Amino acid sequence: MAENAPKQSADNSVNHSGLSKMVPIAFLAVVLIWSTTPLGIVWSSESVHPTMAVLLRMLIALILGCLVLLITRIRLPLSKPALTLYAVSSIGIVGGMLLSYLSARYLASGTMSLIFGLSPLISGLLAQKILNEPKFGPMRSLSLVVAFIGLGIVCSSKVSLTSDSWIGLILILTAVSLFSLSGVLIKTVKINIHPIASTVGALIFSTPIFALAWVLFDGTLPIDSWDSRSLYAILYLGVFGSLIGFIAYFYILQNLKASTVALVTLITPVFAMMLGATLNNEVITSALILGAICVLFGLSLYQFGDKYLARLKTSRKQSLLNRDN
C-alpha cells in the first residue's frame, strides 16, 4: 500500500525482542502473498465481476481486521492526522486495486506483477515533486531508462498478442501510478500509529468506495454464475492479500532496511510469471522475457547501483592509498 509505513506509537508498540524472529517469516509472507496476488486477481474475476470481486475481498479484510483490533485492544486513532493517513492510503488501495482488477480481464497475471514492480521508480519521481527529494543521479537516471525500455518491450509484446491489451496496460500503469502516489503522500503525514490500525483505518475509508464502484459499473448479483475457483480466490485475497499481506508489509518496513524490503519488487514478478505459466497456462514469449529482464535490471540499478558505485570508489581510493604507502 505504501513504501514507508508510519512508525508505531508508544501505547501500541510491538515487543521487538519477542518478535524479532518474526521478521524473516514476515518477509517470506510478503514475497509469497505478492507473488500469488496477481493470479488470485485473475481467478477471482473469471466468474465474478471485478468490482464485486474486489469489494468482497475488502469486506472480508475489513471484518477480520476489526476483529483483530477488538481482540488485541489496539486503538484506532481518529485524530485529524490519522484520518488524513487513512484517506491518502485509500488512494493506493482504491486506485491500485480497482484498476488492477479491471486490467485482469486484458492482461496475464505475470505481466501485471512485472509492471507493478515499477512502483519504486515512479515513487522516486513523484517524491522529487512532492517531497522535494534530490533529483536522480546518473545511475538512477540510467535505471529509469533501462526499466522503461523493458516496459516498452513488454507492452509491444502484449499488444501484438491481443488487440485490446492496450486497455489493460493503461489501467495497470494508472494503478501503479496511484499506488506510488499514495506511498509518497503517506510520507507527508506525521503520525505514530500501529500497522494494524493503519491498515484497518484505510480499509474503512476504502470499502465504501469499492461498494460505489460496484453499483456504478455492475450492480448485479448473479451468484449462480460464480464458480468455486473465483470464490476461493476472493477468500484467499481477503484474508492474506489484503489483511495479513498489508500487516506483514508494514512490519518488515519497520524492522528492515529499505534496500532489503525493495528486494520484494525484484523477486515477486519472477515468481508471479512462473505461477501464471504453470497454473494458468499463460504464454511467456521471448519478448516478454527480454522486457522482464530489462525491467528487473533497471530496478536493481535503482536500488543498488549508487551503493555499488560508492563501494567501487572507496575500494579504488583504498588501493591508491596502499600503493602510496
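Colleague: Is cysteine 294 buried or exposed?

Modeller: Buried means under 20% relative accessible area, exposed means over 50%, and partly exposed lies in between, with a 1.4 Å probe and protein chains only. Cysteine 294 has a relative accessible area of 17%, so cysteine 294 is buried. Cysteine 66, with 31%, is partly exposed.

This is a predicted model: local features need pLDDT of at least 70, side-chain atom pairs count only at pLDDT 80 or more, and totals for chains, interfaces and linings use all residues. Residues are numbered from 1 along each chain as its sequence is written, and side-chain values use heavy atoms, without hydrogens and water.

Colleague: How many disulfides does a search of the whole structure find?

Modeller: A disulfide is a covalent bond between the sulfur atoms of two cysteines. The test here is a pair of cysteine sulfur atoms within 2.5 Å. The search finds 0 disulfides.

Colleague: Which residues line the largest cavity?

Modeller: On a 1 Å grid over the protein atoms alone, a cavity is a set of points where a 1.4 Å probe fits but cannot get out; lining residues have an atom within 4 Å of a point. Points are joined across faces, edges and corners, and the volume is the space filled by probe spheres set on them. The count is 1 cavity of 30 Å³ or more. The largest cavity holds about 40 Å³. Its lining includes Ala108, Thr111, Met273 and Glu282.

Colleague: Which element gives the largest share of that lining?

Modeller: Helices are DSSP runs (H or I, at least four residues), numbered from the N terminus. Helix 12 gives the largest share, 3 residues.

Methods:
On a 1 Å grid over the protein atoms alone, a cavity is a set of points where a 1.4 Å probe fits but cannot get out, and a pocket is an open set with protein on both sides within 12 Å along at least five of seven lines; lining residues have an atom within 4 Å of a point. Helices (H or I, at least four residues) and strands (E, at least two) are DSSP runs, numbered from the N terminus.
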